[in-house]
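The following report describes the fold of a single predicted model. Its sequence and coordinates are shown here for reference.

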Amino acid sequence: MPLEPVLFEISGEHPTLPRAEVLACLRAESPGSRQLGHGPGYVLAELDSDSMPFVAGRLGLTHRFGRHLGTWELDDMESAIGDLDLPEGSVCVRAKKVEGLHPNVNTHELARKVGKRLSSRHEIDLTGPDITLRVLLSEKVHLFMVDHEIDRKMFDRRKVAERPFFSPISLHPRYARALINLTGVKRGETVLDPFCGTGGIVIEAALLGMKAIGSDIDPEMVQGCKRNLEHFGVEAEVQVADVGDVPAIFGKVGAVATDPPYGRAASTKKEDIDLLYRRGIQATADVLDPGRRAGVVLPRSIVAEGMDLQELHTQRVHRSLTRHYHIFIRR
């Protein structure tokens, strides 16, 4: 199937994770895809159109995406859009600035001008259009037709405070999902969280169509995780286990995605936190075949014996906590 150019309008909530998540999802769902470019607020890629619904079903840190129609300097855009080949139907145009670029542009006025140029061939409908066009004012001006909108509110419905059992230090569901996606795991494969806690990562893996499994040394956490799984209507295999026993219990898995405890306030059964991390990394390496990936979130960067670091993303949570998203590949 021929590839088509698609523009992803990504979230600005983190400087590197949204783009990395898009690229990882493309590798998993559209192997022939390739990145054509990127910049503030967007990723431009080529992919087959049949894979787009599957990519849309995975993304956590993207707003929307669709067929790329053109990129221009701002002064050239208005004349260029007269030659656009759009499907039949009514049109709505929206414009958005990224990261404060083009400060003197009035986005409402720009959208009105683009709509006026198109109005000779298309009815303009701002409430129920057949086609929604987005003008993204980044380093240049990008125009795309929205094919898929990500329902980001659904993640908020699963955030920590909405669960029947929760721990305040858990990852937000959007970031739990991004962590899973960064491993490149495919639908139907097994994802393991050996420090599952209240189950945020396990829930997202199950919702993504993976076989989700998890363990935790704390029986209360495992019971709470099961309550949360039931609450959100998903299934996963979760059991009480020390991380050192995980390879013997679960065997080989498709990917590991985990957010281990960060220290004194978390449940470590009084084990030294550095020792716990070393044992967790060893267990992670043991359950992965060569070439498979692990996503591990820790309060500092580490070196993992038996695995190579592919990506590292940092996220400042507050003054005393910066999360480090490690993506390792098994040697």
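Cys-225 is buried, with a relative accessible area of 0%, where buried means under 20% relative accessible area, exposed over 50%, and partly exposed in between (1.4 Å probe, protein chains only). Cys-196 is buried as well, at a relative accessible area of 5%. A search of the whole structure finds 0 disulfides, a disulfide being a pair of cysteine sulfur atoms within 2.5 Å. For Cys-196, the nearest cysteine sulfur is that of Cys-225, 4.3 Å away, and Cys-196 is in no disulfide. Cys-225 likewise is in no disulfide, its nearest cysteine sulfur being that of Cys-196.

The model is predicted: local features need pLDDT of at least 70 and side-chain atom pairs count only at pLDDT 80 or more, whereas totals for chains, interfaces and linings use all residues. Residues are numbered from 1 along each chain as its sequence is written, and side-chain values use heavy atoms, with hydrogens and water left out.

**Overall dimensions**

The protein has 10 helices and 14 strands; helices (H or I, at least four residues) and strands (E, at least two) are DSSP runs, numbered from the N terminus. With 331 residues, a compact globule would have a radius of gyration near 20 Å, and the 22 Å of the protein agrees with this. That radius is taken over C-alpha atoms, and the globule rule is 2.2 Å times the number of residues to the power 0.38. Along the principal axes, the C-alpha atoms fill a box of roughly 70 × 35 × 35 Å.

Of the 331 residues, 56% are buried. Among contacts with a separation of 6 or more, 70% join residues 24 or more positions apart; contact means heavy atoms within 4.5 Å. The protein exposes about 15200 Å², of which carbon and sulfur atoms supply 47%, the areas coming from the Shrake-Rupley method with a 1.4 Å probe, and for residues only the protein chains shown count as cover.

**The two sheets**

Strands are taken to pair if DSSP finds at least two bridges between them. Two open sheets are set out below.

Strand 5 pairs with strand 6 (residues 131-137) in the parallel sense over 7 bridges. Ala-95 has Val-135 of strand 6 as its bridge partner, and Lys-96 stands opposite Leu-136 in strand 6. Strand 6 is mostly covered, with 6 of its 7 residues buried.

The loop between strand 5 and helix 4 holds Glu-99 and also His-102. Phi of Glu-99 is near 55°, a positive value in a residue other than glycine. His-102, which is not a glycine either, has a positive phi of about 55°. Glu-99 counts as exposed, at 65% relative accessibility.

Strand 8 (residues 190-193) and strand 9 (residues 211-216) pair in the parallel sense over 4 bridges, and Thr-190 stands opposite Lys-211 in strand 9.

**Helix 7**

In helix 7 (residues 200-207), 7 of the 8 residues are buried, so the helix is largely enclosed by the rest of the structure. Its buried residues are Gly-200, Ile-201, Val-202, Ile-203, Glu-204, Ala-205 and Ala-206. After helix 7 comes Gly-209, with a positive phi near 90°.
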